[in-house]
Amino acid sequence: MAAYVISEVEVRDRAAMAAYRTLAAQTIAQYGGRYLARGGAAEVVEGGPPAKTIIVEFPSMARAREWYASAEYADALKLRQTALERRLLFVEGVVPA
């Protein structure tokens, strides 16, 4: 069953963000992930102001967790500390009917 990694992001440092984005994208692909949304225009229908939102689909929750804990993603995580502030969620998909 697919799993989704949802990030709500506030950029702190644009140069560090660009480097983070490159490293993260490479590791996401390595672990079978694919971007579904990557900071595109957002319309708030309810609630507070929109954050830059990124949604990545992985084949499974286990694979998403492997990616996040991987040695390959570790360098990107170090950059993340200066590049951006974020809220990160892992969400299980639904079982296909």
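This is a predicted model: local features need pLDDT of at least 70, side-chain atom pairs count only at pLDDT 80 or more; totals for chains, interfaces and linings use all residues.
Local features need pLDDT of at least 70 and side-chain atom pairs count only at pLDDT 80 or more, while totals for chains, interfaces and linings use all residues. Residues are numbered from 1 along each chain as its sequence is written, and side-chain values use heavy atoms, without hydrogens and water.

**Helix pair**

- Helix α1 (residues 14-30) and helix α3 (residues 71-83) have axes that come within 9 Å and cross at roughly 150°; helices are DSSP runs of H or I with at least four residues, numbered from the N terminus, and axes are lines fitted to C-alpha atoms over the stretch in contact, with angles from 0 to 180 degrees between N-to-C directions.
- α1 and α3 are therefore roughly antiparallel (angles over 145 degrees).
- Contacts (heavy atoms within 4.5 Å) join α1 residues including Tyr20, Leu23 and Gln30 to α3 residues including Tyr73, Leu79 and Arg80.
- The residues of this contact comprise 10 nonpolar, three polar and three charged.

**Largest pocket**

- β1 (3-11), α1, β2 (34-38), β3 (52-58) and β4 (84-92) each supply at least two lining residues; strands are DSSP runs of E with at least two residues.
- α1 gives the most to this lining, with five residues.

Notes:
Angles under 35 degrees count as roughly parallel, over 145 as roughly antiparallel, 65 to 115 as roughly perpendicular and the rest as oblique. Ala, Val, Leu, Ile, Met, Phe, Trp, Tyr, Cys and Pro count as nonpolar, Asp, Glu, Lys and Arg as charged, and the others, Gly among them, as polar.
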